[in-house]
Structure formats: structure tokens, C-alpha cells
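Please keep the sequence and the model at hand while reading.

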4 protein chains.
Amino acid sequence: MFYSKCRLSSMDTPVIIINVKTYEEGTGKKAVELAKCIEKVRNESKVEIAIAVQPTDIYAVCHATNIPVFAQHIDAIKYGSHTGWILPEAVKEAGATGTLLNHSERPLSMDEIAKGIERAHELKMDTVVCAGNVDMAMAVAALSPHFVAIEPPELIGGDISVTKAKPEIVRNAVNEVKKINAAVKVLCGAGVKKGEDVRKAIELGTDGVLLASGVVKARDKEGILKNLVKGII
Amino acid sequence: MFYSKCRLSSMDTPVIIINVKTYEEGTGKKAVELAKCIEKVRNESKVEIAIAVQPTDIYAVCHATNIPVFAQHIDAIKYGSHTGWILPEAVKEAGATGTLLNHSERPLSMDEIAKGIERAHELKMDTVVCAGNVDMAMAVAALSPHFVAIEPPELIGGDISVTKAKPEIVRNAVNEVKKINAAVKVLCGAGVKKGEDVRKAIELGTDGVLLASGVVKARDKEGILKNLVKGII
Amino acid sequence: MFYSKCRLSSMDTPVIIINVKTYEEGTGKKAVELAKCIEKVRNESKVEIAIAVQPTDIYAVCHATNIPVFAQHIDAIKYGSHTGWILPEAVKEAGATGTLLNHSERPLSMDEIAKGIERAHELKMDTVVCAGNVDMAMAVAALSPHFVAIEPPELIGGDISVTKAKPEIVRNAVNEVKKINAAVKVLCGAGVKKGEDVRKAIELGTDGVLLASGVVKARDKEGILKNLVKGII
Amino acid sequence: MFYSKCRLSSMDTPVIIINVKTYEEGTGKKAVELAKCIEKVRNESKVEIAIAVQPTDIYAVCHATNIPVFAQHIDAIKYGSHTGWILPEAVKEAGATGTLLNHSERPLSMDEIAKGIERAHELKMDTVVCAGNVDMAMAVAALSPHFVAIEPPELIGGDISVTKAKPEIVRNAVNEVKKINAAVKVLCGAGVKKGEDVRKAIELGTDGVLLASGVVKARDKEGILKNLVKGII
């Protein structure tokens, strides 16, 4: 069954998360446009698709669409004197239902990851923690986020899907993560661009994919999204 | 003369900047409410008052009011692969006209300050760079921001205004900053709560004040704001 | 059997690691004196005791004694242009046989921990990675260091041994770490001061203890050390 | 007049500082060998030459030679619980007479620079603070180190001396630094390899040079050093 503005962690079905990074094509009005495009494909396909946007764009994207919106990062702080940091409560009030943490472009200390997960879960927000290899996916799983997203850094932004280039990494990540904490779901990313990459990811045991440039920098975003969801429906 | 949504750096008159930090009283809807209260006092008094809010609140505050809005921090990045960082272009598109940098709660390397100023000025955004003492105010002045805000860390959040506790620091900061770069304006902060603190700050040669808890945590925010502007009008 | 200048990771018997932090009592000549004192107790008791010293003291301590010497931190760099960072090869050439990593006073990103372990193991150096709770101990174990040292930060530097205050944390850490990687040994620390604390640590399943102020700041360092080893012999 | 083991900041004559970075050619025994080579040329030429080495090598280099030895970095900490950081007192006791700070490979916050200078000066150690351009050299000068070393990052490690590629940057840095604090001496670096580069640096108003690969990675280190000192004698 399909819910609008649901929390991804409560879904039984595979998910697709589109991370817009700080791409020009995913900033400000263009983030809102992309979110509307995602909303259309999501409504048509009933595939659960979320967007992870910059903190400055959470509010506008959440008020323009009904899709799940993720922050790209939160700091493990509470209300108080923390000028310049990203407060989980503020991210939630702006409308986000979850957050990425420890993206390879924003690495965190183990303590920051653990406390970031704790703060997000206190606020009933979803957590997707990134990891660059199987060992790190296992390490992250021990901290009990909702999702671990495994993305080999050498494949990020490239043309070959991790599911084709390193399927054994994805399969091992799923197996090892489940041994540590069966409740943690696994996503994979890096080079994912097509429905067949998504299908392969699911065959390898994941609960979906995390991707960025494949959609955000595509000329025909809607076409790409429609192709991606074919890997699930 | 009084402009709505002006850039503070283009004003000849003293300014007041309210930094909401990540206080509960300055997050989300409460940031918007506070901004509206500031707008009212600003319109009535014709004193230039700005607010510095969390990145998640810039959009809503800018769309609900007509006052100058500052970010609390930007990262010196450009469009691209920078998941989890704060893009100057995104801050600007959300509606901010300037940014704080190097707040004592968010210290930056000298290189990050220099590049942050450069990026903000490229986008025609105002820069307020914080410094904890006279030497650091001089150092910051050499990097040519629009404003240096001197805030002795030991007085931040306290009950005694820097203008009373350490007037010589404020006066020296003004003198030394002007020697290095006469175009850089000086603000002072820490413990500022009343119109007489603002008046004293201006007598000491500053172009205004940067304050936080004195307004944000006050029960009667409008009353405090009305009292503060009396130091200028 | 007892080896001089051995690698702790090759021992079957429990170990004691004394971290001198940057205490005055553990800097320069005093680090050398403390190391000699440790050497004496180590030789007499045949208990394996190592010292973790500041980078500037590794060379002198290694040339004055025959005990295993640990660095307190290494950066995961290689030979090259890294002015101001701590090169694993330099630490090894100065005489260290291992390193601490991720001490609560020097937290690292998960990637830095993984790469630091990799670099140390390339150089056949021992790794002791610190963790503040059971989840983090599990996470660290997934990265396969030789030792995980669990030290609840709230007990560090205090008077009550973790083995008395939170024995269940120590026991759980041992169980969970072994499930993830049975080859990883577990140390515990925080508040350890007496032989009975060491004995209790071993009863709880650890391979020894990591301690600091209990020895380094003691008036009678030799007396404390002699008492500690009684927990093992 | 020529002093052995002097503090560079007390010299009236130009100085040369060789930074070995973490080059293989400047680590461990090779650092000691290079220091001996420097000592020989220094004794013969009476030109003041210092070496900046890794923390692990300070002790051995200081005990094998009589030249001034610099750390590459210190942390602005005091005796205490700072596992894994670099204590100024430890650096001094190991034998260093000064430290580099804020090298482009180890950037520091403005507060860390200010406090690092303060800590070094408390211990009567020399400070050489690096800056990448004229603005940053001015900013650093406001913090009153003994030396500012200007090194345009784009020329570091290259074949063209900053004195040839950007003489105006060197000249401006000298002028602007002296305006802010006439007591601060200026060094320049990047691409410096020959005596004529050193001579030109001095003609431009500097008090000497900071260089790395030009000596450390040279096949004939003594030959290069002898050539460099010709720029001064």
C-alpha cells in the first residue's frame, strides 16, 4: 500500500532516494521542480521515491509536494547556542521526514554518527547512513540506523552501476549487515541510472537505491525516473 | 533613508542584527514570529534591524517578512558534489541578503573565512565576520568583510554588556580595524540588552550591534526591541 | 612466555596499556622515567605492560626501555606533502609497535578509523581502537583492529572502575564484539586503579585494560603498577 | 654573529627554513642525516638554517645536531587530558626552538592560530605562521607571530620560484605586514630552489625563505644548500 508523506522506514517495498547534492540542477526552484517531477512519477508508479535536499530547500520542497523529503545532514545538537550548525528539530519542523548521515562528501566521526542517529530517532525521523565498503556498512549497522547505503566512492558519479561493477560488495553488505542487525535495511548507490540497475540491486538483497547525478543531471529527468521505477514495479 | 529588504552594508545608519542561534525560541514558526516582530519595530522606528536564522528557516522567514535575513554560516563551496554542506547560492536563492561567518560557536580556518567572504561578495551578499578580541578583529579586517563583529567569548550570553564590561576593547577594535581597512564596519556584541548598550556601542565608534539571547530568549521581545532601537533614534 | 619489545597482539595473556595522555607526569623525561618504572614491574611480574606516549616522546622512550610503546594517534597518510600530520611510518621508525586510534579525546571519522587501521596493519603495527559504548565497540569491531578498548566517557578519569560501575557494559561489549569478529580482543578502561579492577575486567571476558590517570597521576606509580599486575598473575 | 641552537627570531640576518613535510627523504634516520648536512653548510657558511621536522623526529634530530629545529605544528593545548594531540611543552622538551603553524597542508581556525602563537610565545618558542596570499599575510600579522611565511599554494612544489612568478605578492606582503606590525618578519616560499631565488627574496624585503622539496627531494642536498646560502653571503 502507498502512503503520501510516509516515512520510508515503515515501508515494506523497495525505495528510491534521489540526493540532489549541491548541484545547480537541484538547488532552489530547480529542487522544487525536480521534487514535483518525482511526485508525478511516484503517484503514477506507486513506487516510493524520496528526495534529499539542501537545508535551505527543505521548507519549499515540503510545501510544494507531498513526497518524503530528507535532509542531507544533521548535526547531533539540541536547542541552544549552536550558531551555524544544523539542528534536527529545525530540519523536522521544515518538513523533512528523515536525513542522510555520513555521506562520503560529509564524513562524520563514529560518535557523531551514533549521536546523529539517536537524535533523529528521538524525533521519529528516518536515518540513511552511508558507508564506502562492506566493513564500514557493518560498522554502521552496529549503530542501528534505519538504512545503510553502501556506495563505493570510486564508483560515485560514474557510468557503471555498483550492481554491475561490484555485485559481490552489495551482496556481502546485505549479508553482513543482516547478521549484525536484521532490522537494518540496505540501499546501494554509485553509478545507478536505469531500471535494470534497480532491479539488480533488489535481486542482490537490497531494499532500494540511493542515487544522485543519474537523475539530477539528466536532461530528461522524468524519463529517467520512469525507467528507474520499472526496476521495482 | 529607509529601504525594505536592503543590504545592511549599503546603509549609513547603525544596524542591529539579531542572531537566533539554534534556540527553540528562534526555530521554525517561532523564527517567523520573531521576524515579524522585528519587522514591526523596524517599520515603526526606521532603525535597520536584521535577523540571522538557521538555514532551514531562511525561506519561510524571507517569504513572511521584508526584513534583511542573514544566514548563520555558509561553506565556501560552489555548485557540485558537496552533500551536506551549505551552498552560498542556495542561501541567496532562499532569500538571505548576507551571512555571519566564523561565529565563536562555528570557528573557521583563515582560509575558509577568506574564501567564504569571496564567495559571498561574488553573490553580492553581506558578510559579518565574528572575532573574539582586538587582534582577531584586525586579522579579520585584513580579509575585507563588510562588518567585523567583536564579541569577547567570556561575555557572550551574559548579563553585562561588552560596552560596559570592556569598552576599551570595543574602542580599540574600531581604531585598529579602521587603520587596516577603513571600509570595514565594526559591530559589537555580548551581553547587549538595552538601548543604552546600543547607544554606548555607537559612541565607541561602532556601526551597531550583534545580539542573540537578549532578544530571542526575552519574554517581551517587542519591548526589548523597542528599547534597543532607542539607542539609535 | 614473555617477550621483550613484543607486539601485544601476538600475546595470549592479558595486557595492561598505560596511556600518559598529555599529562605533565607523562611528558618528556617523566615519560621516560615512567616507562622505566613500567619496565621494572613488567620484568618482575612477566605481565605484559605497554605505554602509549606523545609522538615527541616515542623515540626517547623506545631507546631508554624495552617495553612495547604505542603512539596515541596516527593519521592515515603516506609519505608525501602532509606538513603537521602524524605519519605511521615515522611513528614506527621512532620505535612504536602500535597505536591507539579514536580515543574519546581524539575522535575520528569512520573512514579515518578504517584507513588508520589499514595503514597500521600494513606496517605490522598493533591497533587499539577506543569506543564509548557497546554499539560503538561493535562498530569498531567490524573494522577489524587488534583490540577494541571500551571506555564509557562519563567514567574516564573518575574513581570508580568501569568493571564495578558498569560490568554489564563490559560483558556485553565482549559478547557482541566476538560475534562480529572473534579475533578482535577487548580491553576496558575508565576508573581502573587496582589489581581487583584488572581481575574483574578479565573475569568479564576482556584481554586486559587501558588506563591513564590511575597510574600516571599516582604518587607511588610503582606501587600502583605492582598492585595492578596482581590482577593478572 | 653566529649562534648555535639560537632562536631564529633573535637573528638580524636572513634565515632559511627547510620543511621536510612527511617526505620519505625527511623521515627518521633520513631526517637526522639531512639535519647533519644542514649543520655542515650552516657552520661553513654562517648562514642561519633551520629544519622543520615531524614530531616523532624532533628528539633525535635535536640530539644529533646543533641546528635550530622547528615543529611542523602544535596544538594550543596545555598539560592534561588531550590524548593524540601535540603539546607545546612536549615539543619544546624534545628540543624544538620553534614551530610552523597554519601550513596550507594543515590549516587552522583563526582562534587556533592566535592561541597557538600565544602558547608558543609563553614557552619562548619561535612562530612561523603560513599564509597563502597578501590578505592572509596581513591577517596573520595582526596576530603577532615572529614570522609570516607567504606561500601561494599554486606555486608550492613547483619549479618556478615565487620570487620570479609573483614578486609583487612578496613585495606587497612585506609592505602590508610591516604596516600592521613592523616587528613581524616575512619569509617567502614556493618553488625556491637556488641562491638567486633567496637573493631575490631578500631584495624584495623578506627576512629569508621557507622551502621543502627543493632541498629535501634533491639528489645532491648539500650542493643545493650550498647554492642557496650564496643568496645570503
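Which residues of H2(A) are buried? They are A:Pro55, A:Thr56, A:Asp57, A:Ile58, A:Tyr59, A:Ala60, A:Val61 and A:Cys62. A residue is called buried if 20 or more other C-beta atoms lie within 10 Å of its own, exposed if 12 or fewer do, and partly exposed in between, with C-beta atoms placed from the backbone. The model is a predicted one, in which local features need pLDDT of at least 70 and side-chain atom pairs count only at pLDDT 80 or more, while totals for chains, interfaces and linings use all residues. Residues are numbered from 1 along each chain as its sequence is written, and chains are lettered from A and ligands numbered from 1 in the order in which they are written.

The cover over the buried residues of H2(A) comes from two chains. It includes helix H1 (29–45), strand E2 (48–53), strand E3 (69–71) and H3 of chain A, together with helix H2 (55–64) and helix H3 (88–93) of chain B. Helices (H or I, at least four residues) and strands (E, at least two) are DSSP runs, numbered from the N terminus.

Chain A as a whole holds 10 helices and eight strands. Its C-alpha atoms fill a box of roughly 45 × 40 × 35 Å along the principal axes. Of the 233 residues of chain A, 62% count as buried. Among contacts in chain A between residues at least 6 apart in sequence, 67% join residues at least 24 apart. Two residues are in contact if their C-beta atoms, placed from the backbone, lie within 7 Å.

The interior may be approached through one residue position. In soluble globular proteins, nonpolar side chains tend to be buried together. Here, the largest nonpolar core has 360 residues, and A:Ile51, B:Ile51, C:Ile51 and D:Ile51 touch the most other members. Such a core is a set of buried Ala, Val, Leu, Ile, Met, Phe, Trp, Tyr and Cys residues joined through C-beta atoms within 7 Å. In chain C, C:Ile51 is found in strand E2 (residues 48–53), and it counts as buried because it has 30 C-beta neighbours inside 10 Å. Residues up to four places away in sequence not being counted, C:Ile51 touches C:Ile18, C:Val20, C:Leu34, C:Ala35, C:Ile38, C:Val61, C:Ile67, C:Val69 and C:Phe70. One of these, C:Val61, is 10 residues from C:Ile51 in sequence and 9.2 Å from it in space, C-alpha to C-alpha.

How do the chains meet? Between chain A and chain B, 36 residues of chain A are in contact with 36 residues of chain B. Helix H2 (55–64) and helix H3 (88–94) of chain A are the elements that give two or more residues to this side of chain A, and H2(A) gives the most, with six residues. By class, this side has 14 nonpolar, 15 polar and seven charged residues. Ala, Val, Leu, Ile, Met, Phe, Trp, Tyr, Cys and Pro count as nonpolar, Asp, Glu, Lys and Arg as charged, and the others, Gly among them, as polar. Because 100% of the interface residues of chain A are also interface residues in chain B, the copies meet through the same surface.

Chain A can be laid on chain B by a turn of 180° and a shift of 0.0 Å along the axis, with an RMSD of 0.0 Å. Copies are superposed by least squares on the C-alpha atoms of residues with pLDDT of at least 70 in both.

A second contact joins chain C to chain A, where 18 residues of chain C are in contact with 18 residues of chain A. Helix H4 (110–122) and helix H5 (134–141) of chain C each supply at least two residues of this side, with H5(C) giving the most, five residues. By class, this side of chain C has 12 nonpolar, four polar and two charged residues.
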